[in-house]
Amino acid sequence: MGTRLSLRKLLTIVCEAELEASIVRDLKALGAKGYTITDARGYGTHGTRDAAWPSSANIRIEVLCGEESALAIIAHLEERYYADYGIVSFLVDAQVLRQDKF
Amino acid sequence: MPIEPVILFFILGLLAGLVRSDLKIPGVLYESLSIFLLLAIGLKGGVELSRYALTDLLGQALIVVLVATLIPLAAFPILHRFGRLARADAASIAAHYGSVSVVTFAVAASFLARLGEPAEGYLVVFLVLLEFPALLIGVILARRTTGATRWGALLHEVLSGKSIVLLVGGLLIGWVAGGEGIKPLDKLFFDLFKGMLAFFLLEMGLVAASRLADLRRSGPFLLAFATVMPPCAGLLGIVTANELGLSVGGAVLLATLYASASYIAAPAAMRIAVPEANPALSIGAALGITFPFNLLVGIPLYHWLAVKLQGVA
């Protein structure tokens, strides 16, 4: 089994729910073949984000992709959103089956 | 005068939030209730609208919308010059105050119903028309010196937003169906309306309490603005209603529309179109101060003023 696993990157973005449509558009344009979005709550420099109503809701977007795409996406997020929005993103290694999917 | 009971639900939510109760309205219920309220308000307006000739309303609608543009245009320099707020923040807050709050309107309508004060039902049309012009003005004010705006994305955000889709959709359905046609739906949309509104206000009390913390950081100017702006705009609404020959009830509703600040459509649109504006300021003022102010003080005040100024044009 181990030999069939290949290395990809898992990019996780936690951001304001209002950015969903915009970031999804960007992800597709920058080569992501898929993504998973979940509703999220939490606390950070923008205070408590409790998702009690739309303006205080967060989402977590996860993207499995190659390193090149992941870096391009991060660079774009930094340029486009980091100054004005509540957003963090981080990159970790992931081992995946069916590498051509990502 | 006995207090409107739905407002007590708001106060309950506010108190629960302030004592940090674990009471929490699930996000899906918030969504469901807001869909219900928007549709019900639209339907009710549509049924009323079917009793009027649309061409008669065109002139009124134009005047109501034009006068309403004065609100963000006056609010912006006050916030920017006197309040020393950054251009983007001042423009965003001006947009929130120029736009309208559907729930404040619903509370005003039930306040009037309780008093037995009749009002022109077609004012719901003005509710729809007043929602978005101020948002566009806010973006123009924010952008006068810098940067390009993605107008396409903004227009899409504003016009395809759920509040416009449901209000306009409800209006059209109510208008097409008419009073008789809508009868089978009466029980759900009209009889249950107040109970649903009570639920929603409980939730808004909780949310408003959570916004108060933001306001502690924003200083006394914004607090003053959020309580002085609504009665000024409300007075403008009453004067305009008198010029148009609306009833006392109609004047209260128009005053409430002018005095209320949006906290559903405006935050979403401003976040996309003016991202550098701090949402804690605009939402804190609109929801933490102006919304409770209008519910508790504003609406009865506008009614008192409308009665005093009746027929003064």
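Residues are numbered from 1 along each chain as its sequence is written, while chains are lettered from A and ligands numbered from 1 in the order in which they are written. Because the model is predicted, local features need pLDDT of at least 70 and side-chain atom pairs count only at pLDDT 80 or more, whereas totals for chains, interfaces and linings use all residues.

For the complex, the predictor gives an ipTM of 0.78 and a pTM of 0.88. Chain B has a mean pLDDT of 90, with 96% of its residues at 70 or more; pLDDT is the predictor's confidence in each residue, from 0 to 100. Within chain B, helix α14 (residues 248-259) has the highest confidence, at a mean of 97, and helix α9 (residues 151-159) has the lowest, at 77.

Chain A comes next. It holds 2 helices and 6 strands, and from the N terminus on these elements follow the order β-α-β-β-β-β-α-β. Helices (H or I, at least four residues) and strands (E, at least two) are DSSP runs, numbered from the N terminus. Taken along the principal axes, the C-alpha atoms of chain A fill a box of roughly 45 × 25 × 20 Å. Of its 102 residues, 26% count as buried. Here a residue is buried if 20 or more other C-beta atoms lie within 10 Å of its own, exposed if 12 or fewer, and partly exposed in between, with C-beta atoms placed from the backbone. Among contacts in chain A between residues at least 6 apart in sequence, 72% join residues at least 24 apart; two residues are in contact if their C-beta atoms, placed from the backbone, lie within 7 Å.

An open sheet of chain A is formed by 4 strands in the order β2-β5-β1-β6, with antiparallel pairing. The edges are taken by β2 (36-40) and β6 (87-96) of chain A, each with a single partner strand, so one side of each is left without a neighbour in the sheet. Direction ignored, neighbouring strands of this sheet are turned by 20° against each other on average. (Axes are lines fitted to C-alpha atoms, for helices over the stretch in contact, and angles run from 0 to 180 degrees between N-to-C directions.) Helix α1 (residues 20-29) of chain A packs on the sheet, where it touches β1 (6-16), β2 and β5 of chain A, and its direction makes about 10° with that of β5(A).

The pairings can be followed strand by strand. Two strands pair if DSSP finds at least two bridges between them. Strand β2(A) and strand β5 (residues 58-65) of chain A are antiparallel and share 5 bridges, and Ile37(A) stands opposite Ile61(A) in β5(A). Strand β1(A) is joined to β5(A) by 8 bridges, again antiparallel, with Lys9(A) opposite Cys65(A). Between β1(A) and β6(A), also antiparallel, there are 10 bridges; one links Leu11(A) to its partner Leu91(A) in β6(A).

The interior of the model can be described through its nonpolar cores, a core being a set of buried Ala, Val, Leu, Ile, Met, Phe, Trp, Tyr and Cys residues joined through C-beta atoms within 7 Å. The largest core has 118 residues, and Leu37(B), Ala91(B), Ala94(B), Leu127(B), Val252(B) and Leu254(B) touch the most other members. Helix α16 (residues 279-308) of chain B gives the most to this core, with 13 residues. A second, separate core of 15 residues includes Leu27(A), Ile61(A), Ala70(A) and Ile73(A).

Helix α7 (residues 123-131) of chain B is mostly covered, with 8 of its 9 residues buried. Among them are Leu127(B), Phe126(B) and Glu131(B). The cover over the buried residues of α7(B) includes α2 (27-49), α3, α6 (102-115), α10 (162-181), α14 and α15 (265-273) of chain B.

Some residues of chain B are exposed instead. Leu54(B), in helix α3 (residues 54-68) of chain B, counts as exposed because it has 12 C-beta neighbours inside 10 Å. Arg20(B) lies in the loop between α1 (5-18) and α2 of chain B and has a phi near 55°, a positive value in a residue other than glycine. Arg20(B) is exposed, as it has 9 C-beta neighbours inside 10 Å.

Finally, the two chains meet where 9 residues of chain A are in contact with 14 residues of chain B.
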